[in-house]
Amino acid sequence: MDTPDVMIEATDLQRRFGAKEAVSGISLSARRGEIFGLLGPNGAGKTTTIRMLTGQIDPTSGSARVAGCDVVKQRAQLKERIGVVFEEQNLYDRLSARLNLEFSCWLYGVPRSRVDEVLDLVHLRDRAKDAISKFSNGMKQRVMIARALIHRPQVLFLDEPSRGLDPISAREVRETIERLCQAGTTILLTTHLMEEADQLCQQVAFIVNGKIVANDTPRHLKLAHGQRALSVTLAEADQHGSAPFREMTLSMDTPADQARLAELMASGQVRAMHSKEATLEEVFIEVAGVRPA
Amino acid sequence: MHRRTILAIARKDALDIVLNKSTLMVLLSPILVAVLFAFINGVFASKTDKLLIFNPSGSAVEQVAVDAYQKPEIVRAGSPDEVAAQFGPDGSKKSSDYVLGLVVPADFDTSLRAGGHPQLGLYVNGDQVSNEQRQLLMQAITDYSRSVANPQPPASIALTTINPPKPNSVVQDLGAFYTAAALLMSFMIGTSLVSGLLVEEKEKKTLRMLMVSPASWGDIIASKLLVGLTYQVIFSLVVVGVVKGFYGQVPLLLLFLMLGALFGCAIGLMFGSLLKTQNTSGALVGIVSFLFIIPTFFVGPLGQLLQSNPVAGVMQAFPTYYLAQGIFNTLGSQTTPESLALDVGIVAACIVVLFAGALWMLRRQAAVVSTI
């Protein structure tokens with residue numbers, strides 16, 4: 001089987017729906033074992049991009065290769081090499097988790113023993129016999145991830161995997177994604193949750209109105225758009241002997257602030273100190289000019 | 001098309017259908033109705049039809065007469081006179097246990113083959129046999145005679161009718177009505193299942209999952225048809241069994257059962273291609289189920305009563321009318337080559353048109369199916 005190092009490579013992908021241009025010339029690439037985040041507000045073109053990359057719809061123009069397959073010309077091979085977790089929870093509610101997964105085994109011609117492996121991966125083996133209708137949203141999401149992994153795909157597409165989940169379920173899903181990444185699966189993740197992308201992704205692209213407006217590692221983006229400043233928390237004793245706290249911001253590039261910081265450190269007043277690095281959300285707002293959701 | 005993916009989806013659907021209370025009801029409804037019909041038929045038509053037959057040479061013409069009855073009880077007469085005595089002269093009024101009397105000459109078949117014109121005695125009790133049934137019975141005997149010695153002239157039939165029926169009396173075996181009605185009603189299974197299975201995949205967005213799997217759009221449609229048709233045929237056979245409808249021209253009955261199953265599935269495929277929600281699908285299937293049942297009232301024994309009703313003419317515009325007519329004819333062993341060609345031809349043509357229309361619609365959807 002062809003296993004290239006660059007697992008997702010899109011060049012100038014464009015998709016029109018009638019007069020509306022949903023995606024306008026997107027280019028991106030992701031390497032093996034990387035989690036690539038496609039971030040943007042609702043309607044930015046994230047899902048349309050995933051649909052093109054997974055062979056569900058043809059691009060109006062441009063080209064893309066995923067897991068070594070052309071997404072238009074080698075669709076049959078592509079389907080065998082990718083897994084997709086959809087934005088909506090599209091499981092068969094009346095069937096048990098095990099039967100949902102066994103159905104995927106039948107579809108892909110995979111031995112049924114694989115079901116237990118993926119159930120273990122998402123920590124749901126003890127609930128395998130329960131009907132999906134009895135599952136929480138988080139458990140359903142994990143079954144969908146298990147289903148997408150049944151045939152050991154080289155590339156996994158996750159469309160808003162934490163949407164509608166409570167914080168605990170969302171954390172469980174993120175932990176599952178991290179385990180997959182460690183196992184060497186390439187993941188393309190769309191989300192409007194910047195914290196999630198920051199935590200999971202090695203590379204992110206901001207997509208707004210069908211165009212990528214920034215594409216880099218989260219670290220570089222935050223450093224490039226943050227302030228070179230420190231937030232310092234000081235403790236100042238008052239007349240009653242108690243110690244209220246005071247916050248102040250000092251620039252790392254101003255000699256006066258550098259001297260002031262040294263003075264405060266020497267006085268022992270500094271209780272905490274943080275760099276004023278931008279959050280990914282702040283970078284997004286600055287770059288895209290809109291909020292992510 | 002890929003056998004593995006078609007069978008995978010079909011297997012999943014077959015299982016899902018029995019776990020779904022609403023589809024389970026769709027499957028069981030025709031059987032419950034059939035049980036009800038069988039009960040009613042048992043209560044109101046529990047007696048058997050007694051036939052008094054004198055047939056010393058064992059001619060197969062006897063079977064032609066026997067096949068016209070659902071519950072025939074054959075009593076052997078020792079002589080032609082015994083049969084004549086039980087019925088009496090033509091046009092007379094007489095209480096008789098027998099529905100039909102038959103006197104077959106000893107050399108009946110041999111004489112036919114030799115080009116002779118043997119006379120067969122047919123005695124009919126008009127209390128229990130309608131004019132139409134009597135005529136069709138005579139036609140069936142004539143056809144048999146032709147089959148023995150074609151193209152020689154057939155046997156002549158000496159007809160004796162006691163208790164002559166009124167022109168439009170309905171005294172026929174209601175078992176045929178119940179069988180036809182239950183069978184026609186069962187054809188909604190295919191419509192409901194094929195439509196429901198396709199629409200549910202769209203509505204619950206599971207179609208998107210299937211479209212990124214190795215299954216093609218064609219595989220998905222083929223699997224739905226396979227499941228719908230399989231359940232349809234199995235449950236229609238059960239329905240006919242419940243109403244004890246395996247009599248008359250059974251091979252032709254099975255032919256109409258298959259045509260009805262295909263017709264039901266073709267309508268289901270059409271609905272499945274057009275609709276996106278299960279509510280609308282369910283409502284339309286409900287309406288269509290009437291079109292399966294209503295023609296039953298305009299063919300067969302009840303059809304004689306409603307011949308002058310203008311609705312009867314309208315009914316002939318529906319293919320289900322010809323399905324009902326074909327089933328009635330097979331149950332009464334009254335199918336002729338002409339009637340078979342008409343009924344099968346119209347139903348088969350409609351099936352082809354429906355499938356072609358549905359597939360055209362579905363091919364148009366193929367390009368955008370993953371966005372539905």
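Two strands pair if DSSP finds at least two bridges between them. Helices (H or I, at least four residues) and strands (E, at least two) are DSSP runs, numbered from the N terminus.

This is a predicted model, where local features need pLDDT of at least 70, side-chain atom pairs count only at pLDDT 80 or more, and totals for chains, interfaces and linings use all residues. Residues are numbered from 1 along each chain as its sequence is written, and chains are lettered from A and ligands numbered from 1 in the order in which they are written.

**Exercise 1. Describe the 5-stranded open sheet of chain B.**

Step 1. Write down the order: β2-β1-β3-β4-β5. The pairing is mixed.

Step 2. Find the edges. β2 (72-76) and β5 (156-162) of chain B each have a single partner strand, so one side of each lacks a neighbour in the sheet.

Step 3. On average, neighbouring strands are turned by 20 degrees against each other, direction ignored.

Step 4. Take one pair. Strand β4 (residues 119-125) of chain B runs parallel to β5(B), and 7 bridges join them. Opposite G121(B) stands A158(B) in β5(B).

Step 5. Helix α4 (residues 80-87) of chain B lies across β1 (49-54), β3 (98-103), β4 and β5 of chain B. Its direction makes about 150 degrees with β3(B). Such angles run from 0 to 180 degrees between N-to-C directions, and axes are lines fitted to C-alpha atoms, for helices over the stretch in contact.

**Exercise 2. Describe the 3-stranded open sheet of chain A.**

Step 1. The order is β12-β11-β13, with antiparallel pairing.

Step 2. β12 (245-251) and β13 (270-275) of chain A are the edge strands; each has a single partner, so one side of each is without a neighbour in the sheet.

Step 3. Neighbouring strands are turned by 20 degrees on average, direction ignored.

Step 4. Strand β11 (residues 229-235) of chain A pairs with β13(A) over 5 bridges, in the antiparallel sense. S231(A) faces H274(A) of β13(A).

Step 5. Helix α9 (residues 255-267) of chain A packs on this sheet and touches β11, β12 and β13 of chain A. Its direction is at about 145 degrees to that of β12(A).

**Exercise 3. How do α8(A) and α10(A) pack?**

Step 1. Two packed helices are described by the angle between their axes and the distance between the axes.

Step 2. For α8 (residues 218-225) and α10 (residues 280-288) of chain A, the angle is about 65 degrees and the axes are 9 Å apart.

Step 3. α8(A) and α10(A) are therefore roughly perpendicular (65 to 115 degrees; under 35 is roughly parallel, over 145 roughly antiparallel, the rest oblique).

Step 4. Their crossing is left-handed (the near helix is turned anticlockwise from the far one by less than a right angle).

Step 5. List the residues. P218(A), L221(A), K222(A) and H225(A) of α8(A) meet L280(A), V283(A) and E286(A) of α10(A). In contact means C-beta atoms, placed from the backbone, within 7 Å.

**Exercise 4. How many residues of chain B contact chain A, and which element gives the most?**

Step 1. 20 residues of chain B are in contact with 18 residues of chain A.

Step 2. α1 (3-19) and α9 (206-211) of chain B each give two or more residues to this side of chain B. α1(B) gives the most, with 7 residues.

Step 3. The predictor gives the complex an ipTM of 0.79 and a pTM of 0.75.

Definitions and conventions. Two residues are in contact if their C-beta atoms, placed from the backbone, lie within 7 Å.
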